[in-house]
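Subject: Structure handover

Hi,

Here is the structure I promised to send. Please open it alongside this note, and read the findings with the sequence at hand.

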Amino acid sequence: GEQVTTALLSMALMKNGHKARSFSGRQAGLQTDAEHAKARIIDIDPSRLAASLKAGIVPVVAGFQGTDNDGNITTLGRGGSDTTAVALAAVLGADECQIYTDVSGVFTTDPRVVEGARRLEELTFEEMLELASLGTRVLHSRAVEFASKYEVPLRVLSSFEEGSGTLITKEDESMEQPIISGLAFTRDEAKLTVLGVRDLPGVASAILGPISEANIEVDMIVQNVAADQSTDFTFTVRREDYEQALQILENIVKDIDAREVSGDNKIAKLSMVGVGMRSHAGVASKMFEVLAEESINIQMISTSEIKISVVVDEKYLELAVRALHSAFGLSRE
């Protein structure tokens, strides 16, 4: 698909009077490891692309692909096209990498949920990486990681309308950062709890080891210790992995001397992201207060320097997003 598209786009450019040439990933010099369908870029030889640019020819490169050491074609997996673009911008020394998509930029939250969601003029790499990993689908986290590592400014623009889009760049100390830049959320969550486990060394490993061996990714983890020295161990997984994870836990209940296993696959994760949190106290308490006023129960909490994530019942997600968006002044004026 990518190779057909590059040929067609090159033909269209030439028809409009611009010199152009299509390049496959191999022709563009993209060297990857041999992990087919999820390959990582190891090196890029930009000489052919640089020569094309010097000759005034527009290089149209197929994203999402490269070659391994044996010359086999590989594909980069999720976010591969954006990652290719950022990698090429880095090796060619571009001033900026522009990603054209179906939205006009990155918004404070999903405009389909909050009518007053505002397009952000600028974000830091750190903020965008958090938003991308927490459910914002404008850019894939792999591309943002690459841009941050090589300090390539990214700009998200619309393919359908003119505009300045959203610039994603390194943090500038002179910039006045808002406390909260955006709200991200995902409905693709499920929660599992192992009840009444003895609070002994190695219990967490005994629970999560079999989960990891099944290639199930664990997100948030909470452990509560009771007065009788028993503990309840709770963690979240992707909803698609819920049934398999539940079955694994039910199989090991006796081995770890637990009372029972319970689960809930109707939860959602909501996260507030902003580098401004570093210099503003009370953000978490305000968030919890807003949710309490809406009678929304918080089931789990996770925090970092620029992020606060909570797990809530899925049916209250949109209400929570709108309430927090309004409370933190993120809506359009």
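Which helix lies across β7 and β9, and at about what angle does it run to β7? The helix is α3, residues 80-92, and its angle to β7 is about 160 degrees. Before the rest, one caution: this is a predicted model.

β7 and β9 belong to an open sheet of 4 strands. The strand order is β7-β9-β10-β8, and the pairing is mixed. β7 (97-101) and β8 (122-124) are the edge strands. Each has a single partner strand, so one side of each has no neighbour in the sheet. From one strand to the next, the twist averages 20 degrees.

Inside that order, β9 covers residues 154-158 and β10 covers residues 166-169. The two pair in the antiparallel sense, over 3 bridges.

Helix α1 spans residues 2-15. It has 14 residues and reaches 20 Å from its first C-alpha to its last. That is close to the 20 Å expected at 1.5 Å a residue. Gly17 follows α1, and its phi is positive, near 90 degrees.

Leu8 sits in α1. Leu8 is also part of a nonpolar patch on the surface, together with Val4, Met11 and Met14. The accessible area of these four residues together is about 410 Å².

**The β15-β16 hairpin**

Strand β15 takes in residues 300-304. β15 and β16 run antiparallel and are joined by 5 bridges. The hairpin between β15 and β16 passes through 2 residues. A pair to look up here is Ser302 and its bridge partner in β16, Ser309.

**Salt bridges**

How many salt bridges does a search of the whole structure find? The count is 15. One to look at is Lys307 with Glu130. Their closest N and O atoms are 3.9 Å apart, and the cut-off for a salt bridge is within 4 Å. This pair links distant parts of the chain, 177 residues apart. Lys307 is in strand β16 (residues 307-313), while Glu130 is in helix α4 (residues 125-133).

Over to you.

Best wishes

Key. Residues are numbered from 1 along each chain as its sequence is written. This is a predicted model: local features need pLDDT of at least 70, side-chain atom pairs count only at pLDDT 80 or more; totals for chains, interfaces and linings use all residues. Side-chain values use heavy atoms; hydrogens and water are left out. Patches are made of residues with over 30% relative accessible area and no salt bridge: like charges are joined within 9 Å, nonpolar side chains (Val, Leu, Ile, Met, Phe, Trp, Tyr) within 5 Å. Accessible areas come from the Shrake-Rupley method with a 1.4 Å probe; for residues, only the protein chains shown count as cover. A salt bridge is a side-chain nitrogen of Lys or Arg within 4 Å of a carboxyl oxygen of Asp or Glu. The expected span of a helix is 1.5 Å times one less than its number of residues. Two strands pair if DSSP finds at least two bridges between them. Axes are lines fitted to C-alpha atoms, for helices over the stretch in contact, and angles run from 0 to 180 degrees between N-to-C directions. Contact means heavy atoms within 4.5 Å.
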